[in-house]
Amino acid sequence: MMNADREIQELLADYASSLRDGCLPTFLKSLTRDEARRISESRDFWDATEIVRLMNSAGFGDKVMTPDVGLFISRVDAGIASRIKKAQASTRSPSRSHVNLQ
Amino acid sequence: MDKRLRNALKQLTASDTESRRRAMEPFVRATFAPFIGHLHRYLGNEVECEDVLEDVYADIWENPDHLRDIEDDRHLLRTVYLYYMRKRLREVYRRMNRRASLSQDDLQNLMAPDLGLCDLISQEELKQLLHKMLGKLKARERKAIELWMEGMSNRAIANQLETTVGAVKMLEFRTILKLREMLKEHCRASGGED
């Protein structure tokens, strides 16, 4: 488990591991105020995160391949259909309220 | 740029919603892999990546104006990241930060930063570049990074290198900063920006 009051190199290592393992919320929640301040003030930390992201991408970016893009496309289409419906509902609603008033 | 992608982009920026909706399928097919790979850099979680990307595509369908006059694949990725992905990434992390101590600005810089060095190079180019840079490191530094990229925990890396977890974290930190310097040099040499 993560220690309290971590030094900057420990914070970077924990950020890198949580990014790699897909559990960034755990890292964010683990930060104390002092650690957050330490991160905020460290130029090295910010420089290093950029490389960590690239390492993560080079090492593990390929594994994130959905086998069925067709299925994903239908999810996208369903999302679009729902937005169309919402837009239509919002344009219809004023006239409906008008009818109700009468 | 692929001809099918160019055609899809043309249709996607059409004015009527039905043409745009029809254009989504070829557009998603042509861009899914690079887009989800790019998102993975910031999220590291496939399920989150897919959820965010679903919203990104719907946002593109709703407001494709930024995608007019796209010149090439890099320009497309840059535009989609800056105008569509970042907004969604920020939303994800705003939710995550409810109980966290980071300021909103720091959180944004950590999770949906400006595009940095080599952020738009392809997966293959990136691998080659990292391989080249790793070759320039000392054996122990290279080993620590390679083991990390194989998915090993810091404790396991410490066991392999016969040292402590604290020493491994320090070694990784220094090595990562060294890699950044090399990357800066590479960008300078190839005429890129810092």
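This is a predicted model: local features need pLDDT of at least 70, side-chain atom pairs count only at pLDDT 80 or more; totals for chains, interfaces and linings use all residues.
Let me start with one pair of helices, where helix α4 (residues 43-60) of chain A packs with α2(B) at an angle of about 130 degrees, and where the two axes are 8 Å apart.

Two packed helices are described by the angle between their axes and by the distance between the axes. An angle counts as roughly antiparallel over 145 degrees and as roughly perpendicular from 65 to 115, and therefore α4(A) and α2(B) are oblique to each other. As for the hand, α4(A) and α2(B) make a right-handed crossing.

Which residues make this contact? On α4(A) they are Arg53(A), Asn56(A) and Ser57(A), and on α2(B) they are Gly37(B), His40(B), Arg41(B) and Tyr42(B). By class, the residues of this contact of α4(A) with α2(B) comprise 4 polar, 2 charged and 1 nonpolar.

Let me now turn to the contact between the chains as a whole, to which chain A gives 49 residues and chain B gives 51 residues. On the side of chain B that touches chain A, the elements giving two or more residues are α2 (17-43), α3 (46-62), α5 (104-111), α6 (123-134) and α9 (165-189) of chain B. The most comes from α2(B), with 13 residues. This side of chain B has 25 nonpolar, 14 charged and 12 polar residues.

Finally, a word on the division of chain B, which has a domain 1 (3-111) and a domain 2 (123-189). Between the C-alpha centres of domain 1 of chain B and domain 2 of chain B there are 30 Å.

Technical notes: Residues are numbered from 1 along each chain as its sequence is written. Chains are lettered from A and ligands numbered from 1 in the order in which they are written. Two residues are in contact if their C-beta atoms, placed from the backbone, lie within 7 Å. Helices (H or I, at least four residues) and strands (E, at least two) are DSSP runs, numbered from the N terminus. Ala, Val, Leu, Ile, Met, Phe, Trp, Tyr, Cys and Pro count as nonpolar, Asp, Glu, Lys and Arg as charged, and the others, Gly among them, as polar. Domain bounds come from an automatic or database domain assignment. Axes are lines fitted to C-alpha atoms, for helices over the stretch in contact, and angles run from 0 to 180 degrees between N-to-C directions. Angles under 35 degrees count as roughly parallel, over 145 as roughly antiparallel, 65 to 115 as roughly perpendicular and the rest as oblique. A crossing is left-handed if the near helix is turned anticlockwise from the far one by less than a right angle, and right-handed if clockwise.
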